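Visitor: I am new to this structure and would like to be shown around. Could we take it one topic at a time?

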Amino acid sequence: MKYVVLVGAALATLAAALLVGPANLPLADLFGSPIVWQLRLPRAVLAFLVGGALGVAGASLQALVRNPLADPFLLGLSGGAGLGAVAAIALHLPGPWALPLAAFIGAVGAMALVYRLGLMGGAELDPRILLLGGVAVGAFAAAVTTALVSLAEATELRNAFLWLWGGFSGASWTTVLVILAYAPLPLGVLVAAARPLDLLALGEEPAQYLGADVRRLKQGVYLAASLLTAAAVAVAGVIGFVGLVVPHVCRLVWGRLHRTLLPTAFLTGGILLAAADTLARTVAAPRELPVGIVTALLGVPVFAFLLRRWTVS
Amino acid sequence: MDRELILALRGVTCRYPDAPRDSLVGVSLEVRAGEFHAVLGPNGSGKTTLVRAALGLVGPVAGRAEILGRPAGGWSRRELARVVGVLPQREDNLFPQRVRETVSLGRYPHLSLLGGMGAADRAAVERALVACDVTDLADRWLWTLSGGEYQRVRLARALAQEPKLLVLDEPTASLDLRHEMQLFELVRALVDAHGLGALMITHHVNLATRFADQVLILADGRAVARGTPADVLTRETADRVFAWPVSIVPFEGRPQMIPLRQRKEAP
């Protein structure tokens with residue numbers, strides 16, 4: 001039943017994304033228009049996929065670091081991706097894929113660094129160190145990024161700054177296909193870890209007593225969630241709050257078990273980001289807002305509400 | 001009657017990395033089906049290490065720890081969770097949860113990767129709820145329970161695993177008298193009715209000697225005494241282990257320990 005509602009809402013959101021836009025198309029021309037097929041549809045689908053990936057990555061990482069206020073970008077990935085992207089812009093790397101690839105490499109580099117830090121305590125990943133290491137690596141990367149931006153020329157600076165806030169203006173069917181080919185593996189790893197993730201909420205030792213192989217679980221979930229986030233940031237920039245707020249909303253509505261939480265977080269994250277992107281490209285048309293600004297404006301009040309609820313209970 | 005040997009420790013010695021000394025030294029223990037074992041000893045005497053070694057979380061540097069004849073470290077966590085149910089001393093409740101959901105977690109080691117809870121799994125959950133007398137609480141949120149109810153729910157979760165052995169690490173710490181007695185009675189009843197083995201770490205010497213079949217006393221990682229309560233709890237042993245003068249008096253055939261006042265000599 002919940003999936004019928006969610007899939008219905010997803011289709012409605014995608015339909016709305018096709019209908020509205022700065023080029024005011026008459027309804028009759030809609031299905032023949034290249035604007036719809038080559039611009040609006042791939043863009044809406046990509047936003048949906050990225051939102052879904054961020055929702056799933058956020059839900060899994062919150063269970064992994066056992067901190068309900070964790071966000072996929074908290075683990076240093078946004079900093080690394082931002083650094084890679086801004087470096088690509090500053091170095092004038094050519095080609096349409098230079099920027100996403102540089103961002104992806106930056107994110108994976110940050111991930112590797114944080115992972116290494118998380119292993120410092122011994123053979124097992126320590127989630128607390130993952131969190132602290134993520135914040136530290138992210139802050140370092142942000143400092144280098146800001147240094148690069150401050151040395152850049154004005155137009156480059158604007159591009160870099162806008163990229164950091166996220167957006168889907170570069171979306172194409174090729175990008176959609178790349179994500180469709182890439183995402184199933186990490187998504188599959190996370191879905192297969194759904195039940196052990198339920199157990200991990202009890203603590204590492206209790207989870208082991210209920211049958212979870214905690215060491216492999218932590219490694220698999222960290223790598224899969226980070227690789228999902230890295231791909232999302234590479235194609236869309238840093239889009240905050242989707243990975244933080246969506247899992248909480250889904251937990252409130254459909255419960256905390258990951259067998260339900262992960263699929264509902266995927267659909268809800270997709271709906272939210274597709275809707276936010278539609279807003280981002282229409283409210284200030286013909287100009288575009290970075291979609292990260294829309295999600296932050298929507299997400300911060302929700303987050304504040306959740307935080308209050310959390311501290312009260 | 002020869003009861004099934006579930007857990008066997010044979011001269012187990014354990015040492016944590018970088019620790020200055022062994023946490024456990026040459027400890028032996030055998031838990032069979034239908035036996036209730038209590039482990040006593042002061043803080044830091046190695047009780048929790050004993051449990052970790054028995055469950056394969058800490059590898060012994062000498063000796064062997066075996067469950068159903070296989071080395072404890074050779075079981076996968078999932079296989080072991082179908083045979084041994086554990087109540088660890090502490091656990092978190094990161095996200096809000098209802099009682100029936102919590103007890104259902106005990107079925108996880110029995111579920112396949114993609115399959116859901118079947119009729120047999122649901123029946124096992126209901127049986128566990130009934131056995132621990134928490135059926136009425138099934139739809140309550142965990143945070144609304146009293147300490148005693150919460151421990152019974154956790155015991156129900158362990159029972160839902162359908163184990164042969166229950167391991168309980170100080171399950172009655174911070175419970176009041178009534179809930180503490182209820183929990184000891186419950187564990188005793190489960191051992192007698194279902195033929196489970198039970199291994200309980202506790203600080204309650206007098207309840208341990210009244211409910212358990214066998215008692216193991218640890219001090220500084222060594223087994224000071226092992227056997228029936230009457231054999232183990234003597235004044236000499238208790239004085240030494242607990243570093244306090246005591247008197248031992250019998251009650252219903254079991255020894256009970258009374259700590260003595262320290263007499264102050266008048267000047």
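Guide: Let us begin with a term: two strands are said to pair if DSSP finds at least two bridges between them. Please note also that this is a predicted model.

Visitor: Then how many bridges are there between strand E11 and strand E12 of chain B, and in which sense do they pair?

Guide: There are 6 bridges between E11 (residues 246-251) and E12 (residues 254-259) of chain B, and the pairing is antiparallel. Within this pair, Val249(B) is placed opposite Gln256(B).

Visitor: How many residues lie between the strands in that hairpin?

Guide: The hairpin of E11(B) and E12(B) has 2 residues between its strands, and Glu252(B) takes a positive phi near 50° there. Most residues other than glycine have a negative phi.

Visitor: Which other residues of chain B have a positive phi although they are not glycine?

Guide: Ser174(B) is one of them, with a phi of about 70°, and Asp220(B) is another, at about 50°.

Visitor: Where is Ser174(B), and is it buried or exposed?

Guide: Ser174(B) sits in the loop between E7 and helix H6 (177-194) of chain B. Ser174(B) counts as exposed because its relative accessibility is 78%, and the cut-off for exposed is over 50%.

Visitor: And what about Asp220(B)?

Guide: Asp220(B) belongs to the loop between strand E9 (214-219) and strand E10 (222-227) of chain B. With 53% relative accessibility, Asp220(B) is also classed as exposed.

Visitor: Which strands are joined to E8(B)?

Guide: Strand E3 (residues 36-40) of chain B is joined to E8(B) by 4 bridges, and the two run parallel. Strand E7 (residues 165-169) of chain B also runs parallel to E8(B), with 5 bridges. Ile201(B) has Val39(B) opposite it, and Asp169(B) stands opposite Ile201(B) as well.

Visitor: Changing topic: how many residues are in contact between chain A and chain B?

Guide: On chain A, 24 residues are in contact with 31 residues of chain B. The two chains bury about 2400 Å² between them, with 62% of it on carbon and sulfur atoms. Arg195(A), Tyr209(A) and Arg256(A) supply 31% of the area that chain A buries against chain B, more than any other three residues.

Visitor: How many salt bridges are there between the chains?

Guide: The count is 2 salt bridges between chain A and chain B. In one of them, the side chains of Glu205(A) and Arg52(B) meet at 3.0 Å, N to O. On the side of chain A that touches chain B, helix H9 (194-200) and helix H10 (204-209) each supply at least two residues. The largest share, 4 residues, comes from H10(A). By class, that side has 11 nonpolar, 5 polar and 8 charged residues.

Visitor: Finally, where does Leu262(A) lie, and is it buried or exposed?

Guide: Leu262(A) is part of helix H13 (residues 258-282) of chain A. Leu262(A) is buried, because its relative accessible area is 2%, and buried means under 20%. Beyond its neighbours within four places in sequence, Leu262(A) has contacts that include Val56(A), Leu190(A) and Ala194(A).

Methods:
Residues are numbered from 1 along each chain as its sequence is written. Chains are lettered from A and ligands numbered from 1 in the order in which they are written. This is a predicted model: local features need pLDDT of at least 70, side-chain atom pairs count only at pLDDT 80 or more; totals for chains, interfaces and linings use all residues. Side-chain values use heavy atoms; hydrogens and water are left out. Buried means under 20% relative accessible area, exposed over 50%, partly exposed in between (1.4 Å probe, protein chains only). Contact means heavy atoms within 4.5 Å. Buried area is the accessible area (1.4 Å probe) that two parts lose on being put together, summed over both. A salt bridge is a side-chain nitrogen of Lys or Arg within 4 Å of a carboxyl oxygen of Asp or Glu. Ala, Val, Leu, Ile, Met, Phe, Trp, Tyr, Cys and Pro count as nonpolar, Asp, Glu, Lys and Arg as charged, and the others, Gly among them, as polar.
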